[in-house]
Structures are given as structure tokens and as C-alpha cells.
Amino acid sequence: GGSIGAAAGMMPRLLRAYTGLGRAYAALPPHDAVLVGALGHLDLLWLRCLPGGDRVPVVFDPFVSLHDTVVRDRRLARPGGLKAGACFALDRQACLLADRILVDTDAARARFAAELDLPPDRLARVYQGQDDRVFRPAEGVPAGSAAGAAVEVLFAGTYVPLQGIATILEAAARLKGCPVRFTLVGDGQERRAVVARARQLGL
């Protein structure tokens with residue numbers, strides 16, 4: 001009941017937001033394509049309902065599937081349940097409405113295609129990376145660092161399983177005695193378990 005009430009309470013805000021976005025979109029100059037980012041499933045559905053929204057190519061970058069996030073990763077819904085089914089339907093419908101779907105690995109491409117029954121040629125792999133002109137290995141001792149100073153490893157996140165914090169802890173345990181210092185910042189679903197595991201490992 002609480003979830004239904006909260007969803008109903010959001011409807012007026014969503015309608016106002018999408019009405020404003022619709023006006024803004026209608027005022028745009030001609031464009032070659034629209035890029036819809038992660039968790040933009042409803043945005044994509046809304047775009048296709050706008051006058052002329054079915055004529056512009058849409059590129060969808062979902063990052064991960066909604067079903068995978070809600071059911072497998074965060075375990076907020078049981079497999080086969082109503083919420084899981086709704087997430088799956090949103091995933092599939094959004095991907096079917098997109099002209100091209102971006103994924104970051106070949107494995108993700110195969111999984112999306114198989115689980116959502118999508119044509120493989122609709123999915124394009126774009127590797128994640130960095131701009132080598134900005135981020136590159138430093139030569140010698142970095143400025144401002146003393147020789148032999150500890151290496152600083154910083155994690156900042158929301159403590160969801162996808163972020164692999166358990167792996168960071170195991171790495172920290174293996175590097176005990178080495179000049180490496182780990183700092184974990186944030187809060188979320190797995191923080192209590194992470195703190196307990198860190199204490200267990202003597203970190």
C-alpha cells in the first residue's frame with residue numbers, strides 16, 4: 001500500500017516535469033540524434049510519444065539492466081514477482097524503442113541480447129576508458145609526494161553489491177604490511193556487512 005501511495009503521489013510531479021521537458025524539446029533546433037542515459041527508460045518512452053519523436057534516431061545507454069539492478073544486484077524484488085516483471089518489461093520496451101543500445105563489454109552485449117531477446121546488431125559495444133591526454137602514468141615521484149610515502153586508494157560509492165567492495169577488502173587484507181592505505185567513503189545497502197568484514201580481517 002505504501003509503495004502504491006508513494007507512486008501515486010509522484011504522478012503530478014512527473015506530469016509537470018515531462019510537460020516542461022516536452023515544451024523544451026519542441027523548441028530545440030533540428031538535431032541528428034538523441035542520447036538517453038542510464039535509468040532513462042521512462043524518458044525514452046516519453047520521447048517516442050512526442051510529436052516527431054518517432055522520427056529522430058535514439059541512442060540508449062542503459063549501463064545495466066533495470067531488472068538486473070533491482071532483482072539480482074540490490075535484491076529489492078523477488079525473481080518472477082510483479083515488480084521484477086515490471087522492470088523486465090521496461091527494460092525490453094525501452095530497448096525495442098531505441099535505434100541503438102550502448103554497452104561496455106562483449107559479455108554485456110551478449111547478455112542484453114539473450115535476456116531481452118534483442119537483435120544483436122542493435123547493440124553497440126563502447127569500451128569505458130579515459131582521456132590519455134589528461135590521465136597518464138607519472139614519471140618518477142609525483143609532485144608533492146615524499147619518496148616511500150604510502151599509496152592512497154580511495155573508494156567513494158553507495159555500497160551496492162555491483163561496486164565490488166568485498167573485493168576491495170580482500171585486496172586490502174592481502175596488502176597488509178605494504179605502504180598502501182585504503183579509505184572507503186559512502187553509505188548504503190552493504191555498509192554494515194563491509195564494516196563487519198573489515199573488522200574480521202583486522203583492517
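**Overall build and local features of the predicted chain**

The protein chain exposes about 13800 Å², and carbon and sulfur atoms supply 59% of that area (Shrake-Rupley method, 1.4 Å probe; for residues, only the protein chains shown count as cover). The model is a predicted one, so local features were taken at pLDDT of at least 70 and side-chain atom pairs at pLDDT 80 or more, while totals for chains, interfaces and linings use all residues. Residues are numbered from 1 along each chain as its sequence is written, and side-chain values use heavy atoms, with hydrogens and water left out.

As for overall dimensions, the C-alpha atoms of the protein chain fill a box of roughly 65 × 45 × 35 Å along the principal axes. The radius of gyration comes out at 22 Å, against the value near 17 Å that a compact globule of 203 residues would have (taken over C-alpha atoms; the globule rule is 2.2 Å times the number of residues to the power 0.38). Buried residues make up 26% of the 203, where buried means under 20% relative accessible area, exposed over 50%, and partly exposed in between. Of the contacts with a separation of 6 or more, 60% come from residues 24 or more positions apart (contact: heavy atoms within 4.5 Å).

The protein chain has 7 helices and 6 strands, both being DSSP runs numbered from the N terminus (helices H or I, at least four residues; strands E, at least two). Read from the N terminus, the order is α-β-α-β-α-α-β-α-β-β-α-β-α.

Helix 3, residues 66-73, is mostly covered, with 7 of its 8 residues buried. The buried set consists of Leu66, His67, Asp68, Thr69, Val70, Val71 and Asp73. Their packing partners are helix 2 (41-49), helix 4 (82-97) and helix 5 (106-115). Just past the end of helix 3, Arg75 takes a positive phi of about 55°.

Further along, strand 5 (residues 151-157) and strand 6 (residues 180-186) pair in the parallel sense over 7 bridges; pairing calls for at least two DSSP bridges between the strands. Within this pairing, Glu152 stands opposite Arg181 of strand 6. Together with helix 6 (residues 165-174), strands 5 and 6 make a right-handed β-α-β unit. Right-handed here says that, with the strands pointing away from the viewer, the path from the first strand over the helix to the second runs clockwise.

Now for the aromatics. Rings of Phe, Tyr and Trp (its six-membered ring) pair if their centres lie within 6.5 Å; planes under 30 degrees apart count as stacked, over 60 as edge-to-face and the rest as tilted. By this rule the count comes to 2 aromatic pairs. Tyr18 and Trp46 have ring centres 5.4 Å apart and planes at 40°, so this pair is tilted. It ties together distant parts of the chain, with Tyr18 in helix 1 (residues 2-26) and Trp46 in helix 2, 28 residues apart. Phe155 and Tyr159 pair edge-to-face, at 5.8 Å centre to centre and 85° between the planes. Both Phe155 and Tyr159 are buried.

Most residues other than glycine have a negative phi. Tyr159, though not a glycine, has a positive phi of about 60°. Tyr159 sits in the loop between strand 5 and helix 6, with a relative accessible area of 2%. Leu39 also has a positive phi of about 60° without being a glycine. Leu39 belongs to the loop between strand 1 (34-36) and helix 2, and its 63% relative accessibility makes Leu39 exposed.

Key: Buried < 20%, exposed > 50% of the residue type's maximum accessible area, 1.4 Å probe, protein only.
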